[in-house]
Amino acid sequence: MKLDYKKTFLIGLAFFSICAFWQMYNNLIPLILRDTFKIGDTVAGVIMAGDNIIGLFLLPVFGAFSDKTNTPIGRRMPYIVGGTAVAAVLTVLLPVIADAYSAKPAVWLTVVFILLLGVLLITMGVYRSPAVALMSDVTPKPLRSSGNAVINVMGTVGAGLYLVLSAIMLSGTKTSGAHVSYLAIFIAIAAVMVASVAALFFTVNEPKLVAKVAEKDSVEAVSEQAQDDTSKKMPKDVRKSVIFMLLTVAFWYMGYNALETAFTKYATLQWNMSVGYANICLLVVLVIATIAFVPMGNLAQRIGRRRSVLYGTAIQAAGFAVMSVYSFFFNFFSPVLFILFAIVGVAYAATVVNTLPMVVEMCDGSEVGKFTGYYYTFSMLAQIATPILSGALLEHVGYVSLFPYSAVFIALAFVMMLFVKHGDSK
């Protein structure tokens, strides 16, 4: 049994577009809130948590809805295509409102900007679970770590594309608390979203692929064939593993998302870096992770998904602990840190590749969308709490708290993973 890499890369175009958007959102929206609308770090953290609050409710709901959807173009595709079209339009409107506020500040423009953020985040929540579940639908269970590796390659390439564009388009941008117009880069990412999903739609026949997998995998087909099994009750020990797996996901996201969201603010203020140069650090993580995703997925088939996640979280926690020590003693960036960011990238790949497959491995084949939604529910719960908590620490303790915060929570993810006993491929 071999993975169809071409098919999986094409399916990954949806996640490619999603990650390009979220990398830009997490990277630039905090700067817009701080520099244009003059919103403090704690309140900005609450606003940044809004997408996760929305996702907390929408991701499992629309994951389950897509499980039951039946259209000529498939279960997942209507959500992916429709959601992307609306999100692209709203994405372009965000910097337009910010520029208007900068030209003539008004409270109503602030309200419009935040409401627009809310509508955009609802739209993104509608199709994220269906987009990710599509890979599981058309990939046999034993190959899902490798399939998820390919999907994450596409996701990191999407995020990396934004970082490359920002390094070029924002290379000389030092905010210094002043408004910067990000309209051009928002338009570029909106165009990337539309183009990638259009390519997905015209090259991937979802119903045909699902039927093909159902023919090859008569034991656990990831299509409607498994509906008769939905009444089966999950064994108690498996349920326990699911819970600890989801806690692992939550703590990992609390640690990594804090760094991803606040790093540009940290680097521009603490290390006096430009936005573009600061993004090169995150780009190193993503480039190395992209290179490592497929090898880590293949490695998981040899040593197990559980062990891969344990190694990944342990190395990341150690890496951020070392950065914590460095940031305590030095207030400038050293190129030597690129080595640490590269090591974190490999560990990042080992973790991300295996967590989602472990969750869906423990569910029935007809509930892939629902359990994908659970996975993202716990990731969103973490990302609701972490911008607020880390933002408060940044504002009241200092930016030096960023790396220790990430190290502690990723270490907690390692501890939770010790209690997971199921979810490896069979």
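**Entry 1: cysteines.** I kept in mind that this is a predicted model. I began with a simple question: how many disulfides are there? I counted zero disulfides. My cut-off for a disulfide was 2.5 Å between the two sulfur atoms. Looking from the other end, I found Cys-281 in no disulfide either, with the sulfur of Cys-19 as its nearest cysteine sulfur.

**Entry 2: burial.** Are these cysteines buried or exposed? I noted a relative accessible area of 16% for Cys-19, so it is buried, being under 20%. For Cys-281 I read 0% relative accessibility, and it is buried as well.

**Entry 3: helices α13 and α14.** I moved on to helix α13, residues 337-361, and helix α14, residues 368-396. How do they pack? I wrote down an angle of about 135° and axes 9 Å apart. That angle makes α13 oblique to α14. I also noted that the crossing of α13 with α14 is right-handed.

**Entry 4: the contact.** Which residues meet there? From α13 I listed Thr-355, Leu-356, Val-359 and Val-360. Their partners in α14 are Val-368, Phe-371, Thr-372 and Tyr-375. Sorting the residues of this contact of α13 with α14, I got six nonpolar, two polar and no charged.

Note on methods. Residues are numbered from 1 along each chain as its sequence is written. This is a predicted model: local features need pLDDT of at least 70, side-chain atom pairs count only at pLDDT 80 or more; totals for chains, interfaces and linings use all residues. Side-chain values use heavy atoms; hydrogens and water are left out. Buried means under 20% relative accessible area, exposed over 50%, partly exposed in between (1.4 Å probe, protein chains only). Axes are lines fitted to C-alpha atoms, for helices over the stretch in contact, and angles run from 0 to 180 degrees between N-to-C directions. Helices (H or I, at least four residues) and strands (E, at least two) are DSSP runs, numbered from the N terminus. Angles under 35 degrees count as roughly parallel, over 145 as roughly antiparallel, 65 to 115 as roughly perpendicular and the rest as oblique. A crossing is left-handed if the near helix is turned anticlockwise from the far one by less than a right angle, and right-handed if clockwise. Contact means heavy atoms within 4.5 Å. Ala, Val, Leu, Ile, Met, Phe, Trp, Tyr, Cys and Pro count as nonpolar, Asp, Glu, Lys and Arg as charged, and the others, Gly among them, as polar.
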